[in-house]
Amino acid sequence: MFSWLGTDDRRKKDPEVFQTVSEGLKKLYKTKLLPLEEHYKFHEFHSPALEDADFDNKPMVLLVGQYSTGKTSFISRYDERQGFIKMTDVVLARYDFAAVLEWFAERVDRIILLFDAHKLDISDEFSEVIKALKNHEDKIRVVLNKADQIETQQLMRVYGALMWSLGKIVNTPEVIRVYIGSFWSHPLLIPDNRKLFEAEEQDLFKDIQSLPRNAALRKLNDLIKRARLAKVHAYIISSLKKEMPSVFGKDNKKKELINSLGEIYSRIEREHQISPGDFPNLKKMQEQLQAHDLNKFQPLKMKLLDTVDDMLAHDIAQLMVLVRQEETQRPNQVVKGGAFEGTMNGPFGHGYGEGAGEGIDEVEWVVARDKPMYDEIFYTLSPVNGKVTGANAKKEMVKSKLPNTVLGKIWKLADIDKDGMLDDEEFALANHLIKVKLEGHELPSELPAHLVPPSKRKIPE
């Protein structure tokens with residue numbers, strides 16, 4: 001099975017001790033993984049050697065899309081000049097784009113695929129490009145851009161077609177997150193879905209905002225992926241070397257081995273308990289092997305593999321602890337500049353003046369508008385000393401058919417004095433929050449100041 005589970009204790013020393021995650025990643029790569037890569041020509045088949053900059057750089061976002069899908073406008077809107085993030089625009093062109101994309105995919109924190117809702121088209125070339133992102137599906141997000149140029153019904157059809165097409169290309173058990181909207185600064189052509197677009201843009205903001213916080217963990221995970229691929233590559237190369245004759249029939253044997261590479265994959269998978277997803281693309285590997293002299297490959301050197309196994313089993317665990325420590329100690333870095341400025345506060349923030357935010361700028365208590373109607377219900381619930389019990393209030397509140405978990409949150413927000421009962425203002429507030437939820441808005445985690453009943457507000461000293 002795994003070499004570190006054998007009967008002999010191959011571990012020679014305690015786990016490495018590092019001061020920072022970046023320092024640890026660089027040292028582990030140079031001392032434990034790089035020797036295995038160099039010994040089996042990993043860089044000639046898969047990816048160039050990593051440099052210090054790959055571990056030190058700030059978070060990066062890779063934008064990929066066909067011509068005129070809005071990549072340049074997207075970058076302009078999410079200007080990174082003041083922040084902790086870099087965005088890279090990659091356009092389809094006449095070169096080995098898949099190889100270039102693989103290089104970028106291994107080094108970036110987020111990959112955004114842009115599509116044009118107005119003229120959705122996934123060419124065969126672009127399909128191959130997306131397939132080149134294998135093993136990096138967790139980084140992928142999709143933007144269906146220019147969605148304001150089509151009517152709602154057509155947008156639904158386009159969204160369905162996009163999801164169907166992506167399902168055939170991207171092999172992942174989870175559905176890829178798709179953000180729908182118009183990601184530039186021009187007026188909306190068809191404003192019917194304005195609220196949807198605003199909500200989608202805010203979700204995308206939050207995703208990008210999380211990248212600096214998760215950058216160290218991403219680099220750690222990428223090193224683990226690279227180590228697993230390097231191990232598989234070593235088994236493949238050494239197996240081919242083992243099968244090659246030393247004198248006669250080299251060319252014929254080489255052709256035979258390349259043609260039967262799929263069988264070699266299966267044998268390695270069984271013998272070493274390796275997941276099929278860790279193996280490189282079969283067709284691409286066969287093509288690359290044509291240009292190599294299999295006799296010059298190196299035989300299996302267990303010491304190199306044991307070193308990588310030791311790194312995965314022990315040193316990575318130590319680094320994971322350090323990642324969590326750095327996350328708690330690091331100041332909260334946020335992405336600034338461009339569309340990130342002024343998006344959360346002020347009247348143009350998402351949801352401002354809507355749902356639980358309704359009435360935020362008004363002098364009068366917004367709940368008072370419907371309070372006469374709520375009062376009529378309140379006095380049918382047999383209030384005692386101006387308050388209804390929780391049991392009686394529940395009988396009315398469950399008529400909304402909202403789940404108990406939601407009603408429980410509404411009760412917690414409305415029972416301001418926490419006495420387990422509701423007076424007429426608190427009862428009106430509870431019904432107002434029920435209305436907010438039934439209209440499709442989210443409930444606040446804490447009651448906003450403008451929703452606090454007038455009699456419960458603290459008078460400034």
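Which residues is Gln 298 in contact with, leaving aside its neighbours within four places in sequence? In this predicted model, in which local features need pLDDT of at least 70, side-chain atom pairs count only at pLDDT 80 or more, and totals for chains, interfaces and linings use all residues, the partners of Gln 298 beyond those neighbours are His 39, Tyr 40, Ile 237, Ser 238 and Lys 241; contact here means heavy atoms within 4.5 Å. Residues are numbered from 1 along each chain as its sequence is written, and side-chain values use heavy atoms, with hydrogens and water left out.

Gln 298 is found in the loop between H12 and H13, where helices (H or I, at least four residues) and strands (E, at least two) are DSSP runs numbered from the N terminus. Although 259 residues separate Gln 298 from His 39 in sequence, the C-alpha atoms of the two are 7.1 Å apart in space. Gln 298 counts as partly exposed because its relative accessibility is 32%; a residue is buried under 20% relative accessible area, exposed over 50% and partly exposed in between, with a 1.4 Å probe and protein chains only.

The chain as a whole contains 17 helices and seven strands. Of its 461 residues, 46% are buried. Among contacts with a separation of 6 or more, 79% are between residues 24 or more positions apart. The chain exposes about 25000 Å², of which carbon and sulfur atoms supply 52%; accessible areas come from the Shrake-Rupley method with a 1.4 Å probe, and for residues only the protein chains shown count as cover.

With neighbours within four places in sequence left aside, Ile 236 is in contact with Leu 261, Tyr 265, Ile 268, Phe 279, Pro 280 and Met 285.

Strand E3 (residues 110–116) is mostly covered, as seven of its seven residues are buried. In a regular strand the side chains alternate between the two faces of the sheet. In E3 both faces are covered: Arg 110, Ile 112, Leu 114 and Asp 116 are buried on one side, and Ile 111, Leu 113 and Phe 115 on the other. Strand E1 (residues 60–65) pairs with E3 in the parallel sense over five bridges, two strands being paired if DSSP finds at least two bridges between them. Val 61 has Arg 110 in E3 as its bridge partner. E3 also pairs in the parallel sense with strand E4 (residues 140–145), over six bridges, and Leu 114 stands opposite Val 143 in E4.

A search of the whole structure finds eight aromatic pairs. Rings of Phe, Tyr and Trp (its six-membered ring) pair if their centres lie within 6.5 Å; planes under 30 degrees apart count as stacked, over 60 as edge-to-face and the rest as tilted. Phe 74 and Phe 183 form a tilted pair, 6.0 Å centre to centre with 50° between the planes. This pair links distant parts of the chain, 109 residues apart: Phe 74 lies in helix H4 (residues 71–77) and Phe 183 in the loop between strand E5 (178–180) and helix H8 (194–209). Phe 74 counts as buried because its relative accessibility is 0%, and Phe 183 is likewise buried, with a relative accessible area of 1%. The rings of Trp 103 and Phe 104 have centres 5.2 Å apart and planes at 90°, so this pair is edge-to-face.

Asn 385 has a positive phi of about 55° although it is not a glycine. Asn 385 is placed in the loop between helix H14 (371–378) and strand E6 (387–389), and is exposed because its relative accessible area is 80%.
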